[in-house]
Amino acid sequence: SILTLASLDLPLTQSLGYAALIPYGNVCTVSLMYQGLGELMMRTGTIGSIQTGVVYKGDSFKYELGSDPWLKYSRGDELATDANLTHSWCIAHNLHGPKSIEVMERSELDKVRKASKMPQGPAWKGWFSQMTRKAPMRRMAKYMQTAVGGMAQSTLSMGLDLENSQYDIGRMDHYKQIRQDNSDELKAPAAASLAPPEALPPPTEIPPPT
């Protein structure tokens, strides 16, 4: 997991919130948070800023797509609970061309959750709003990666591959095998370091000084 984060150049720092280590079954797995995915998107150099948020019942939320998209949102008085969440949205201010806007309704967000390897896992239970914020960002990033080149595009593609792997049950065996291979590599030098030392040769006789 740490090597994965190093390849993405994302520090595992709680205050930044780029990523988290989530147990899927008994396997430690990297999960990008919406801040981390946004960082990878910003590195492409094609957008000036990116915003994402969620909408709850009672909020004022209007948007329009097309050649001149716009989005307006203001918080209402309803409680900000998981049950009251109705939409999630993402808006990217492109350096060239109009804004990019993605909006997902609650029905779509529920489908994303059901497609996860662990829809009742700690990520969805503990950080539901953050996981739903990430959904429209991931959709937007899928067509952003084809618009850039070089290392930024490669890193963004790696991040999306990591995200996609968490929605494929078949990858679990792959992760387990990687962890087992890594454990086997660590066992050999550890066992060698615990082996008893070889007997020391008898000391040689030192001649008297002349």
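1. The chain has 7 helices and 7 strands, where helices (H or I, at least four residues) and strands (E, at least two) are DSSP runs numbered from the N terminus. Along the sequence the pattern reads α-β-β-α-β-β-β-β-β-α-α-α-α-α. This is a predicted model, in which local features need pLDDT of at least 70 and side-chain atom pairs count only at pLDDT 80 or more, while totals for chains, interfaces and linings use all residues. Residues are numbered from 1 along each chain as its sequence is written, and side-chain values use heavy atoms, with hydrogens and water left out.

2. Of the 210 residues in the chain, 37% are buried (under 20% relative accessible area; exposed is over 50%, partly exposed in between; 1.4 Å probe, protein chains only). Among contacts (heavy atoms within 4.5 Å) with a separation of 6 or more, 60% join residues 24 or more positions apart.

3. How do α2 and α6 pack? Helix α2 (residues 34-42) and helix α6 (residues 150-165) make an angle of about 155 degrees, and their axes are 9 Å apart. Axes are lines fitted to C-alpha atoms, for helices over the stretch in contact, and angles run from 0 to 180 degrees between N-to-C directions. The two helices are therefore roughly antiparallel (over 145 degrees).

4. From α2, Leu 37, Leu 40 and Met 41 meet Thr 155, Leu 156, Gly 159 and Leu 160 of α6. By class this contact has 5 nonpolar, 2 polar and no charged residues. Nonpolar here covers Ala, Val, Leu, Ile, Met, Phe, Trp, Tyr, Cys and Pro, charged covers Asp, Glu, Lys and Arg, and the others, Gly among them, are polar.

5. The largest nonpolar core has 21 residues; a core is a set of buried Ala, Val, Leu, Ile, Met, Phe, Trp, Tyr and Cys residues joined through side-chain atoms within 4.5 Å. Those with the most contacts inside this core include Leu 37, Met 41, Met 137 and Leu 156. Elements giving two or more residues to this core are α1 (2-8), β2 (27-32), α2, β6 (85-94), α5 (128-144) and α6. Another core, of 15 residues, lies apart from it, with Ile 22, Leu 109, Ala 123 and Phe 128 among its members.

6. Not counting residues up to four places away in sequence, Met 137 touches Tyr 34, Leu 37, Gly 38, Met 41, Ile 50, Thr 52 and Cys 90.

7. Is Lys 72 buried or exposed? Lys 72, in strand β5 (residues 70-74), has 59% relative accessibility and counts as exposed. Leaving aside neighbours within four places in sequence, Lys 72 contacts Ser 60, Phe 61 and Lys 62. The C-alpha atoms of Lys 72 and Lys 62 are separated by 5.4 Å, with the two residues 10 apart along the chain.

Note on methods: Parallel < 35°, antiparallel > 145°, perpendicular 65-115°, else oblique.
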